[in-house]
Amino acid sequence: MKNNILLLLIFFIVAIINSSCESKKEILMYGAKSCDSSDVRYTGPITNIINANCNSCHATGVANSLGGGVALDNYAGLSFWAANGVLFDNVSEASGANPMPKNAPKLSDCDIAKIRIWINNGYPNN
């Protein structure tokens with residue numbers, strides 16, 4: 001009886017240690033913050049990402065002088081670049097793409113995932 005209790009106790013200790021290691025691996029791999037991509041819409045999540053990371057160069061008023069003529073501060077401009085694949089290639093820093101934002105850190109994996117989801121959903125104006 002004591003051996004069974006001891007074995008059961010060892011089993012639970014190993015299970016707890018293993019599960020805590022998995023959690024630590026996930027935090028190291030994906031970061032401590034979770035990424036809420038359950039409600040990815042143009043208005044809100046996407047415009048927030050673009051406003052925070054792109055519009056200093058790609059807003060309508062400065063796009064010609066700073067952003068190579070690429071304006072992303074409105075749905076028509078952003079959806080054009082989403083449709084032809086350039087937006088996602090650039091923000092995900094795909095091979096051969098022009099990494100964006102220029103001279104700034106790469107977007108977070110979460111922001112890139114939200115852009116991908118929005119594009120895969122047909123880049124709706126919602």
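Some ground rules. Residues count from 1 along each chain as its sequence is written, side-chain values use heavy atoms, and hydrogens and water are left out. Because this is a predicted model, local features need pLDDT of at least 70 and side-chain atom pairs count only at pLDDT 80 or more, while totals for chains, interfaces and linings use all residues.

Core to begin with. In soluble globular proteins, nonpolar side chains tend to be buried together. Here the largest nonpolar core has 18 residues. By that I mean buried Ala, Val, Leu, Ile, Met, Phe, Trp, Tyr and Cys residues joined through side-chain atoms within 4.5 Å. Buried is under 20% relative accessible area, exposed is over 50%, and partly exposed is in between, with a 1.4 Å probe and protein chains only.

Which residues have the most contacts inside this core? They are Ile46, Leu78, Leu87, Ile115 and Trp118. Helices are DSSP runs of H or I, at least four residues, and are numbered from the N terminus. H7 gives the largest share, five residues.

Now look at tryptophan 118. Leaving out residues up to four places away in sequence, Trp118 touches a list that includes Ile46, Leu78, Leu87 and Pro124. A contact is heavy atoms within 4.5 Å. Ser79 is on that list too.

Serine 79 is in helix H5. Buried or exposed? Serine 79 is buried, at 10% relative accessible area.

On to the cysteines. How many disulfides does a search of the whole structure find? One. The cut-off is a pair of cysteine sulfur atoms within 2.5 Å. Cysteine 35 and cysteine 110 make the bond, with sulfurs 2.1 Å apart. The pair ties together distant parts of the chain, 75 residues apart: cysteine 35 in the loop between H1 (2–30) and H2, cysteine 110 in H7. The S-S torsion is about 80 degrees, so this disulfide is right-handed. Cysteine 35 is partly exposed, because its relative accessibility is 35%.

Cysteine 57 is in no disulfide. Cysteine 54 is buried, at 10% relative accessible area. Cysteine 57 is partly exposed, at 29%.

Note on methods:
Helix = DSSP H or I, 4+ residues; strand = E, 2+ residues; numbered from the N terminus.
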